[in-house]
Amino acid sequence: MRHLIDPLDFSQEEITSLLDLADRIRSDPAAYQDVAAHKKLATLFYEPSTRTRLSFEAAMLNLGGHVLGFPSETVSSASKGESVADTIRVVSCYADIVAMRHPKEGAPFRASRYSRIPVINAGDGANQHPSQTMLDLYSIYKTQGTLRDLTITMVGDLKYGRTVHSLLMAMSYFNPTFNFVACNELQMPQEYKDFCNEHGIRYRETREFSPDVINESDIIYMTRVQRERFSDLEEYERVKNLYNLHNSMLDDSKPTVRILHPLPRVGEISQDVDDNPKAYYFQQAQNGLYARQAIIC
Ligand code: NCD
């Protein structure tokens, strides 16, 4: 039995074949419509979600399976004080696979220790979001034709943003160069910079979302400032609007650059970017369906 707790649970070969499978599912969905017949996916979401939960559920339905679960901890027994360990023991009796999102870092890992069925981490606090990474990698591959040797600029909340943490780790297989664009309060945590150093990954930290940085990028990965992770809301107010991408800022960017964002956006990308062919975030969300179908398969 395999779990998906962080992106390095997959080897480079497994990631490549997963992306290949996602692509085959995209081009011939009917061929996969019975793969999960009579199987059940439980979505255990202790934190808000739109895309992740709905695309996991749609993915399971597209594979001929069924879904059950809860969209918030308030309607589960967690609100009565039940532990994750007890919940997963019980859900193991009802379902064949679980996608779990939890505000506490490590909760899906803990669940996996007690589970009799595979657990997919659908986001744990500010830590990891590996299924998002598979759709991000698929989006990068589809738009760049390769995952290798790319310059990836991550912008915004690099401290609390779990999507950038997971993407950084998975990209270690593919010789990336990173620009980390963030204010002092929201820098990429030291453990991820150590990870880069250990893996020989080049990175540059800057507070300026400058034309130089934009114009050398193959991928610009925008993120939302994660309001729910701040203990000091005054600090959130100070930093929430520091980085905004406007259409005119892309004038001299590479023709092949693509703008990614895990969504939801709350102002990091101005709406005038949406019609630019370099904007890819809604297609990225669509790719979530194929990537999650491949993960379930
Ligand atoms: C992200 C998340 O939940 O970490 N959203 C998502 O899963 N698509 C990013 C975010 O909430 O800002």
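The legends below describe close-up views of a predicted model.

**View 1. Residues around the ligand.**
The ligand is surrounded by Thr52, Arg101, His129, Gln132, Arg162, Thr163, Arg224, Gln226, Pro262, Leu263 and Pro264. Sorted by class, this shell has three nonpolar, five polar and three charged residues.

For Arg162, a polar side-chain atom lies 2.7 Å from an oxygen atom of the ligand. An N or O atom in the side chain of His129 is 2.8 Å from a ligand oxygen, and for the side chain of Thr52 the corresponding distance is 2.9 Å. The ligand taken alone exposes 310 Å², and the protein buries 93% of that.

**View 2. The cis peptide bond between Leu263 and Pro264.**
Leu263 and Pro264 are joined by a cis peptide bond, with omega at about 5 degrees. Pro264 is placed in the loop between strand 9 (258–260) and helix 10 (281–296). Both Leu263 and Pro264 are also among the residues that surround the ligand.

**View 3. Packing of helix 1 against helix 5.**
Two packed helices are described by the angle between their axes and the distance between the axes. Helix 1 (residues 12–27) packs with helix 5 (residues 130–144) at an angle of about 75 degrees, and their axes are 10 Å apart. Angles of 65 to 115 degrees count as roughly perpendicular, so helix 1 and helix 5 are roughly perpendicular to each other. Helix 1 contributes Ile15, Leu18, Leu19, Ala22, Asp23 and Arg26 to the contact, and helix 5 contributes Met134, Leu137, Tyr138 and Lys142. By class, the contact of helix 1 with helix 5 has seven nonpolar, no polar and three charged residues.

**View 4. Packing of helix 6 against helix 7.**
The axes of helix 6 (residues 162–171) and helix 7 (residues 190–198) come within 10 Å and cross at roughly 10 degrees. Angles under 35 degrees count as roughly parallel, so helix 6 and helix 7 are roughly parallel to each other. In helix 6, His165, Leu168 and Met169 meet Tyr192, Phe195 and Cys196 of helix 7. The residues of this contact between helix 6 and helix 7 divide into five nonpolar, one polar and no charged. Arg162, in the residue range of helix 6, has a polar side-chain atom 2.7 Å from a ligand oxygen.

**View 5. Surroundings of His3.**
His3 is placed in the segment before helix 1. A polar atom of the His3 side chain lies 2.9 Å from the backbone nitrogen of Val119. Not counting residues up to four places away in sequence, His3 touches Asp9, Ser112, Ser115, Ile117, Pro118 and Val119.

**View 6. Backbone at His38.**
His38 is in the loop between helix 1 and strand 1 (40–45). Phi of His38 is near 70 degrees, a positive value in a residue other than glycine.

Note on methods: Residues numbered from 1 in each chain as written. Predicted model: local features only at pLDDT ≥ 70, side-chain atom pairs only at ≥ 80, totals over all residues. Heavy atoms only, no water. Near = heavy atom within 4 Å. Polar contact = N/O pair within 3.5 Å; in protein donor to acceptor, adjacent residues only side chain to side chain. Areas by Shrake-Rupley, 256 points an atom, 1.4 Å probe, with all protein chains shown as cover. Nonpolar A, V, L, I, M, F, W, Y, C, P; charged D, E, K, R; others polar. Axes fitted to C-alpha atoms, helices over the stretch in contact; angles between N-to-C directions. Helix = DSSP H or I, 4+ residues; strand = E, 2+ residues; numbered from the N terminus. Parallel < 35°, antiparallel > 145°, perpendicular 65-115°, else oblique. Contact = heavy atoms within 4.5 Å.
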